[in-house]
Amino acid sequence: MSTTADSRTALRICPLCEATCGLTLTIEGTRVTSARGDRDDVFSQGFICPKGASFGAADGDPDRLRTPLVRKDGELREATWAEAFDAVAAGLRPVVERYGPHAVGAVLGNPNVHTMAGALYPTVLLAGLGTHSLFTASTLDQMPKHVSSGLLYGDANAIPVPDLDRTDHLLLIGANPLESNGSLCTAPDFPGKLKAIKARGGTLTVIDPRRTRTAKLADRHVAIRPGTDAMLLAAMAYVLFEEELTDLGELAELVQGTDELREAVRDFTPEAAAEACDVDADTIRALARELAAAPTAAVYGRIGSCTVPHGTLASWLVDILNILTGNLDRPGGALFPQAATDRTPRPAGPGHGFALGRWHSRVSRHPEAKGELPMAALAEEIDTATAEGEPILALVVIAANPVLSAPDGDRLDKALGSLDFMVSVDPYLNETSRHAHVVLPPPPPSQSPHHDFAFNTLAVRNQVRYTRAAVPLEPGRMAETEILARLVLAATGMHGAEPSAVDDLVIGQTLGKAVKEPHSPAHGRDPRELAAQLTGETGPERRLDMMLRLGPYGDGFGVRPEGLTLEKLLDQPHGIDLGPLQPRLPQPLKTRSGLVELLPQPLADDLPRLRDALRRRPEGLVLVGRRHLRSNNSWMHNIPALTGGTNRCTLHIHPDDADRLGVTNGAPVRVKGAGGEVVAPAEITDAVRRGVVSLPHGWGHDRPGTRTTHAAENPGVNVNQLLDGSLLDPLSGTAVLNGVPIDIAPTGTTP
């Protein structure tokens with residue numbers, strides 16, 4: 001940090017997307033006036049995108065709530081923090097005590113993984129409540145990858161990432177990192193890394209129905225028919241087997257089920273897949289041959305291949321291709337990151353495995369996945385009575401806006417209005433939080449510390465960074481960590497206790513387990529003595545110190561004096577580089593066999609559905625989403641600097657389709673789906689293939705009772721209102737958001 005007479009600078013890790021770039025903030029008084037990339041950051045090395053550059057505008061948005069709101073006589077009114085938490089305790093505890101824990105639902109949004117508070121406290125809240133009624137953004141995004149990883153490796157969080165810095169051949173499917181900055185693959189300057197692959201003679205292949213900015217950079221762009229990703233990948237696996245191109249290398253002794261897998265994909269010939277995917281058989285064969293021939297290669301799939309009818313199968317087949325070509329767990333391929341706060345690595349060997357469907361949703365009997373129920377089922381779990389128990393009567397919503405992000409927001413909007421009680425932790429009064437009985441606003445990012453617990457487990461290089469709050473808490477503000485700690489206490493019958501009790505409880509439980517684990521550096525020691533060694537100014541810092549000490553690079557509470565501690569991390573404000581990703585198998589495996597299980601039964605059971613899809617030919621137009629570099633779901637639309645330009649809510653349509661349907665550029669178009677209809681301006685472009693239209697996600701800021709002034713001036717339309725929530729990937733419960741049939745027509749006519 002440096003200081004002048006008029007201003008000072010402070011370091012901060014950007015929380016506005018998954019790239020986690022280091023920032024240098026310029027601060028005047030308590031206001032962030034500018035942000036630039038931190039050139040000395042060990043991970044991002046000065047890279048910054050438009051969102052990071054607008055950190056100050058997002059941080060100082062005048063529409064951010066500054067005090068709690070409590071509903072009185074039907075209106076949300078400003079209240080004290082004490083009044084707010086009294087209302088939370090009075091609203092939640094009677095529901096739990098009378099109807100049981102499952103009558104209280106919890107909704108967690110993506111911003112939770114961008115904050116320390118969101119990483120440290122919701123799990124404690126859920127454990128304290130004991131509810132099965134958990135809904136998160138994962139079932140609108142990446143749950144298929146968690147499920148496929150759980151089934152392959154026994155751990156739903158064991159997700160290999162492409163080794164971008166060393167690979168010779170990268171195949172992207174359903175991913176547009178030049179707009180998203182990466183997802184389930186934490187990589188500052190993703191665009192620069194892709195260009196570097198090409199500069200060193202490597203190959204970039206992009207499979208996407210749109211000619212995205214990423215696709216324009218590719219050596220080969222394959223404009224696949226939306227929703228057929230799994231068929232294409234299965235056909236590539238078929239070619240690898242048929243032409244004897246498989247080479248597992250060092251993986252051969254670590255996998256089981258190769259022969260069964262060969263049999264399972266025998267119907268997915270390139271010729272069979274070609275018509276369904278609208279990709280000719282020769283191209284499919286070429287994709288497989290090029291992958292096999294590359295010195296090193298990695299296949300990486302993201303949201304476009306997850307939010308489709310066969311999302312889990314597609315996610316599984318991404319890893320299958322990496323395995324069959326010997327590229328899993330080797331430099332230049334796809335490797336498992338090792339975060340500094342990961343648990344102490346256990347010895348390799350069989351584990352408990354991964355199970356689906358341990359419980360089911362009450363109305364439609366959807367199976368849980370990774371402890372979660374489908375977000376698309378939230379409305380019916382609130383508004384539909386059954387003999388299977390009480391509906392959800394109370395809801396805890398943390399950093400989520402499902403009225404815009406989930407299918408059929410109109411139904412969910414009505415359902416939220418019928419709840420007995422709802423508490424929302426959110427900096428804005430948005431389309432969802434406007435229904436709350438209590439709104440608890442966290443402070444802006446500059447007033448919060450930052451460590452990336454989740455994203456470091458997905459990072460393309462092992463490193464660790466921590467930044468304390470750049471600006472002191474304003475008077476009347478409460479730290480987000482304290483807000484969530486007090487929420488835990490209010491929801492679990494401990495209202496009035498000190499928030500430090502939550503951190504002390506977690507520390508005691510964690511150390512109590514660690515001293516009993518033979519592979520832990522804390523084995524056999526006194527947990528109270530270990531707790532006394534922890535440093536840090538706050539409970540969250542003490543928990544971070546504990547996780548670092550127990551982690552794979554930690555000092556083990558003095559066992560490895562050269563190892564990590566919080567104090568050592570604080571001495572390195574630009575972070576500590578822990579080196580490139582390294583092969584780690586078999587240690588990450590937790591399957592019952594202790595091996596990579598190539599064809600788990602749930603996946604084998606779902607393959608007939610994919611075979612049936614080979615014979616179906618969709619008619620009419622289908623809808624896909626798209627990302628904007630200047631937004632992150634619905635977060636950024638209230639920041640003037642991040643709206644306008646290409647960041648607009650328009651309907652992309654191919655010129656041939658526009659001509660056939662009588663659509664003119666800029667004219668309003670009526671779009672109708674199973675869940676409703678919207679009207680959006682047409683943008684005629686050959687960046688989408690014929691038969692496909694595209695609307696961006698996260699818009700629709702036109703509901704009454706919100707306080708997002710700028711977003712309301714250009715509200716756009718909610719693309720998810722076109723969905724009725726009935727289309728799900730059955731294994732993961734993920735909503736089908738891409739490849740959805742729709743009808744369109746110029747306004748004044750009926751679709």
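## Terms and model

Buried means under 20% relative accessible area, exposed means over 50%, and partly exposed lies in between (1.4 Å probe, protein chains only). This is a predicted model, in which local features need pLDDT of at least 70, side-chain atom pairs count only at pLDDT 80 or more, and totals for chains, interfaces and linings use all residues. Residues are numbered from 1 along each chain as its sequence is written, and side-chain values use heavy atoms, with hydrogens and water left out.

## Salt bridges

The whole structure holds 42 salt bridges. Each is a side-chain nitrogen of Lys or Arg within 4 Å of a carboxyl oxygen of Asp or Glu.

Asp555 pairs with Arg549 at 3.3 Å, N to O. Asp555 is buried at 7% relative accessible area. Arg549 is buried too, at 7%. Glu263 and Arg266 also pair, with their closest N and O atoms 2.4 Å apart. Here Glu263 is partly exposed at 45%, and Arg266 is partly exposed at 47%.

## Links and a network

Asp504 bridges to Arg542 at 3.4 Å, N to O. Asp504 sits in helix H20 (residues 500–514) and Arg542 in helix H22 (residues 539–550), so the pair ties together parts 38 residues apart in sequence. Helices are DSSP runs (H or I, at least four residues), as are strands (E, at least two), numbered from the N terminus.

A salt-bridge network links Glu242, Glu243, Glu271, Arg285 and Arg289.

## Helix H18

Helix H18 spans residues 409–417, and its buried residues are Gly409, Leu412, Asp413, Ala415 and Leu416. On the face turned away from the buried side, Lys414 and Gly417 are exposed.
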